[in-house]
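Thanks for coming. I will walk through one structure, going from the overall make-up to a few single residues. Please have the sequence and the model open.

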Amino acid sequence: MGSPLGDFVRTARDSIQPQTLGLPEHGRRRSPGLRRSDLAARAGISVEYLTRIEQGRDRNPSVAVVNALADALSLNASERDHLRYLTKITGGECSAHTRPEPPGREVRPTVLETLRLLEPGIALVTNRLGDVLAHTGGYESVTRGTGLLDAETPNLTRYVFTDPRARTFFTDWEDIADEQAFDLWLAPSAGNSEWFTTELARAAGPDFTRRLNRHVVPRRGVLRLSHPSGCELRLLRETLELSTDAEQLIVLLPADDGTAEALDQLRRSSHGRLRVIS
């Protein structure tokens, strides 16, 4: 049985072409990427030990070994953070026996007041599971007609993977799907993540599970939306972490003049207002 840490190390190793590290090709191989022996040599550990880590049989590598693997895999800062996080949860610091349960849905009054001040801008409060906990009228104007806010308790991750309209609304659906799956690893708690991923896997199927276990750190570029009204929107995302609440305040800003004009038109035809979803 594997582990999140082992899955990530194996995926990262498979994504590296030996020649990019100045290593010779070894001819045709059954699997892509870097050989275990090459990675083990670069990290200064034995092949047998690396195999145990990748297969989930060793779940508590030392800090030195984790740092050596990060160096050997040439991970960037975000990937290193994810590696350290997976080491933590694989080793049991986030208890595997935590009772699976949904996270809280309360939004602090000061955060709600901040949302009010952002009107008529496009902003929402969410958590890493994708629950939309509160949003401005501006956000409603952008999502109207897409089905995203139709549910009693809207969830962006569930919408992306289970509602066919999401594939039209998000121009770069593949990238957004990778982002939402990756963020589940950063859920408020291990119990929260287990509860949600178990529930969603049944509805979303193998594509969701595959993306969840790839551990590819997403590069969050411009958000491109195809609004049902015919507007093409390009939005910049500014995310403010509300660490005390395990929530995020996300603000969407127009990336160009055309998007700014389209947003003005959507707002003029909208009667949306601040909404709290508890």
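What percentage of the 278 residues of the protein count as buried? The figure is 46%. Keep in mind throughout that this is a predicted model. In secondary structure terms, the protein has 13 helices and six strands. As for contact order, take the contacts between residues at least 6 apart in sequence: 60% of them join residues at least 24 apart.

Next, the cores. The largest nonpolar core contains 62 residues, and within it Leu69, Leu148 and Phe170 have the most contacts. Helix H4, residues 63-72, supplies the largest share of this core, with six residues. There is also a second, separate core of 12 residues, with Val107, Val111, Leu133 and Leu249 among them.

Leaving out residues up to four places away in sequence, Phe170 touches Leu148, Leu156, Tyr159, Val160, Ile176, Leu223, Arg224 and Leu225. Leu148, in that list, is also one of the residues with the most contacts inside the largest core.

Staying with H4, look at Ala70, which lies in this helix. Is Ala70 buried or exposed? Ala70 counts as buried because its relative accessibility is 2%, and the cut-off is under 20%. Beyond four places in sequence, Ala70 touches Leu75, Arg80 and Leu83. Arg84 is 14 residues from Ala70 along the chain, and their C-alpha atoms are separated by 9.3 Å.

Now the cavities. How many cavities of 30 Å³ or more does a search of the whole structure find? The search finds one. The volume of the largest cavity is about 30 Å³. Its lining consists of Asp178, Ala181, Phe182, Arg211, Arg214 and Val216. Two elements give two or more residues to this lining: helix H10, 173-183, and helix H12, 206-214. H10 gives the most, with three residues.

Phe208, Arg211 and Leu212 are its buried residues. They lie on the same side of H12, because the arc they cover around the axis is only 100°. In general, an α-helix has 3.6 residues a turn, so residues three or four places apart point the same way. After H12 comes His215, with a positive phi near 55°.

Which residues does Thr197 touch, not counting those up to four places away in sequence? They are Leu184, Phe208 and Leu212. Thr197 itself sits in helix H11, residues 190-204, and is buried at a relative accessible area of 14%.

Last, a strand. Glu238 is in strand S4, residues 232-242. With a relative accessible area of 45%, Glu238 is partly exposed. Apart from neighbours within four places in sequence, Glu238 is in contact with Leu249, Ile250 and Val251. Leu249 is one of the residues of the second core. The C-alpha atoms of Glu238 and Leu253 are separated by 7.9 Å, and the two residues are 15 apart along the chain.

Methods: Residues are numbered from 1 along each chain as its sequence is written. This is a predicted model: local features need pLDDT of at least 70, side-chain atom pairs count only at pLDDT 80 or more; totals for chains, interfaces and linings use all residues. Side-chain values use heavy atoms; hydrogens and water are left out. A nonpolar core is a set of buried Ala, Val, Leu, Ile, Met, Phe, Trp, Tyr and Cys residues joined through side-chain atoms within 4.5 Å. Buried means under 20% relative accessible area, exposed over 50%, partly exposed in between (1.4 Å probe, protein chains only). Helices (H or I, at least four residues) and strands (E, at least two) are DSSP runs, numbered from the N terminus. Contact means heavy atoms within 4.5 Å. On a 1 Å grid over the protein atoms alone, a cavity is a set of points where a 1.4 Å probe fits but cannot get out, and a pocket is an open set with protein on both sides within 12 Å along at least five of seven lines; lining residues have an atom within 4 Å of a point. Grid points are joined across faces, edges and corners, and a volume is the space filled by probe spheres set on the points. The arc is that of the directions from the helix axis to the C-beta atoms.
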